Amino acid sequence: MKTFKLGNQHIPAIGFGTWKLTSIVCTDSVKMALDIGYRHIDTADIYGNHKEVGIALKNSGLKREDLFLTSKVWYTNLKREKVIDCAKRNLDELQTNYMNLYLIHWPNRNIDIRETVEALEELKRENLIMDWGVSNFNEHHIKDCVDFGFKPINNQVEFHPSFYQRDLKQFADDNNILLTAYSPLGQGYDLNLPEIIELSSKYGKSAAQIILNWISSKNIVVIPKATIYEPIKENFESLNFTIEQEDLNKIDDIKINKRLLEPDFSDFNY
Ligand code: 1BO
């Protein structure tokens with residue numbers, strides 16, 4: 001399985017995303033993914049599905065050390081006590097005693113990030129999390145961290161052909177930060193881009209496989225989500241072939257730059 005180095009760990013290059021998955025659909029989809037071979041599951045406190053993910057992990061019969069588990073603390077819970085309480089509750093819900101990666105889900109300028117990071121470091125010292133990172137951080141948010149003397153090892157952001165965050169990727173590379181792409185298929189929209197359809201037919205691969213392969217070729221983790229066996233399996237097999245550089249460039253050159261997720265509280269462009 002393709003992995004990327006992440007601090008002292010190795011993170012599987014493809015994970016199973018669970019945003020918007022709830023109830024039995026969540027448990028069944030995660031269990032299907034684990035049966036197919038996924039070993040990296042991505043969730044978050046705000047998704048409200050930790051218990052369902054935990055049941056699937058337990059029912060899979062897999063050893064904890066064979067799994068990579070990421071979760072996230074929501075932006076309103078970034079004060080020290082809340083981070084600690086949230087992480088401990090998340091562990092109970094997931095029926096596990098550690099998370100491989102715990103992310104600050106969204107920056108919050110009203111809470112001093114140093115306080116949040118101290119709490120995360122405390123969780124790390126207690127072996128409740130193996131490492132921490134961030135999500136939805138732009139360059140300016142990360143520069144603030146660096147000014148305070150610390151740097152996240154992972155930044156999970158929206159990234160897909162019609163939202164190719166080229167500058168953020170360059171900044172991440174320059175600072176040795178691994179990116180993870182959420183909504184890698186552009187919530188389905190990018191599957192219909194003409195460049196993707198053309199390459200899908202050229203390589204005999206699905207549109208989703210072309211996109212996931214393109215993202216992975218940039219050394220970015222992908223966390224697609226699906227609820228049906230075939231697409232879950234197809235996504236998992238998306239990294240098993242090579243797209244020629246000139247074809248990868250065609251996707252790079254797509255001229256759309258459209259962010260899909262921009263809630264009221266985000267300050268991407270302050
Ligand atoms: C609101 C959640 C976005 C993706 O993690």
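Helices (at least four residues) and strands (at least two) are DSSP runs, numbered from the N terminus. The model shown in these close-ups is predicted.

**View 1. Lys20, in the loop between strand 3 and helix 1.** Strand 3 covers residues 16-17 and helix 1 covers residues 23-36; Lys20 sits in the loop between them. Its phi is positive, about 75°, although Lys20 is not a glycine. Lys20 is exposed, with a relative accessible area of 54%.

View 2. Ser23 belongs to helix 1. Phi of Ser23 is near 50°, positive in a residue other than glycine. Ser23 is partly exposed: its relative accessible area is 39%.

**View 3. Strand 9, residues 178-182.** 5 of the 5 residues are buried, so strand 9 is largely enclosed by the rest of the structure. Leu178, Thr180 and Tyr182 point one way from the strand. Leu179 and Ala181 point the other way. In a regular strand the side chains alternate between the two faces of the sheet.

**View 4. Strand 9 and its pairing with strands 8 and 10.** Strand 8 (residues 154-158) runs parallel to strand 9, joined by 5 bridges. Strand 10 (residues 221-222) is also parallel to strand 9, with 2 bridges. Ala181 of strand 9 stands opposite Val157. In strand 10, Ala181 has Val222 as its bridge partner.

**View 5. The β-α-β unit that ends in strand 9.** Strand 8, helix 6 and strand 9 form this unit, and it is right-handed. Helix 6 spans residues 166-174.

Technical notes. Residues numbered from 1 in each chain as written. Predicted model: local features only at pLDDT ≥ 70, side-chain atom pairs only at ≥ 80, totals over all residues. Heavy atoms only, no water. Buried < 20%, exposed > 50% of the residue type's maximum accessible area, 1.4 Å probe, protein only. Pairing = 2+ DSSP bridges. Right-handed = clockwise from strand over helix to strand, strands pointing away.
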